[in-house]
Amino acid sequence: MSAEAVPTGQDAYVGGLRKVARVVLLDPRDRILLLHGHEPDDPSDDWWFTPGGGVEGDETREQAALRELAEETGITEVELGPVLWRRRCSFPFAGRRWDQDEWYYLARTDRTAIRATALTELERRSVAGARWWTCRELTRAHETVYPTRLAGLLRTLLDEGPPARPVTLDPEIV
């Protein structure tokens with residue numbers, strides 16, 4: 001079984017639909033940053049996903065997106081752009097089912113050096129690194145990437161710019 005994102009902020013998540021903020025982070029060469037995750041007890045069950053995680057306490061999704069980006073990448077000097085996509089997903093990870101309502105924010109950075117600064121214990125056991133991907137590399141990838149249509153979504157974003165309003169993606173249930 002594979003999951004699509006490494007859940008964080010577990011203490012604030014008590015079942016139901018988890019609010020999640022993700023970041024589509026692009027560098028000056030229009031490469032997207034993806035994290036490499038895997039099941040904590042099975043590194044062969046792996047996938048790539050955008051930085052981000054659960055909303056904690058009374059923070060906004062924007063605050064959650066910036067906090068998660070800083071914790072997972074060390075990148076703090078970004079301005080969030082618009083919400084590009086919204087998606088509901090459900091997947092097994094670390095012995096439980098996660099039901100999430102994800103919002104994907106656009107952000108750009110000049111900084112490409114990545115250093116996780118505040119991973120949770122679960123993230124330390126399940127995040128294997130990060131990589132900048134070109135759209136072409138994503139299109140040709142044989143690895144599992146979430147959301148599953150990310151290569152096409154990125155191509156549309158680069159060709160047409162951000163949508164006038166967030167695009168609702170098809171739900172993904174793993």
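In the predicted model, Leu34 is in contact with Trp48, Phe49, Thr50, Gly129, Ala130, Arg131, Trp133, Leu138, Val145 and Leu150, neighbours within four places in sequence being left aside. Leu34 belongs to the largest nonpolar core, which comprises 19 residues. Together with Val24, Ile32, Trp85 and Leu138, Leu34 touches the most other members of this core. At least two residues of the core come from each of strands E1 (18-26), E2 (32-39), E5 (80-93) and E6 (96-108), and likewise from each of helices H3 (135-140) and H4 (150-160). The most is given by H4, which contributes five residues. Another core, of 14 residues, lies apart from the largest one; Val23, Leu33, Ala65 and Leu69 are among its members.

Strand E5 takes part in several pairings. With E6, the pairing is antiparallel and extends over eleven bridges. Within this pair, Leu80 is placed opposite Ala107 of E6. The two strands form a hairpin, with two residues between E5 and E6. Ala94 lies in the turn of this hairpin and has a positive phi of about 55 degrees. E5 is also joined to strand E9 (residues 167-168) by two bridges, and here the strands run parallel. Thr168 in E9 is the bridge partner of Arg86. A further parallel pairing, again over two bridges, links E5 to strand E10 (residues 172-173). In this case Ser90 stands opposite Ile173 of E10.

Backbone geometry was also examined. Most residues other than glycine have a negative phi, and most peptide bonds are trans. Asp30, a residue other than glycine, has a positive phi near 65 degrees. This residue is located in the loop between E1 and E2. Asp30 counts as partly exposed because its relative accessibility is 28%, a value that falls between the limits of 20% for buried and 50% for exposed residues. The peptide bond from Tyr146 to Pro147 is cis, its omega being near -5 degrees. Pro147 is found in the loop that lies between strand E8 (145-146) and H4.

Methods: Residues numbered from 1 in each chain as written. Predicted model: local features only at pLDDT ≥ 70, side-chain atom pairs only at ≥ 80, totals over all residues. Heavy atoms only, no water. Core = buried A, V, L, I, M, F, W, Y, C linked by side-chain atoms within 4.5 Å. Buried < 20%, exposed > 50% of the residue type's maximum accessible area, 1.4 Å probe, protein only. Helix = DSSP H or I, 4+ residues; strand = E, 2+ residues; numbered from the N terminus. Contact = heavy atoms within 4.5 Å. Pairing = 2+ DSSP bridges.
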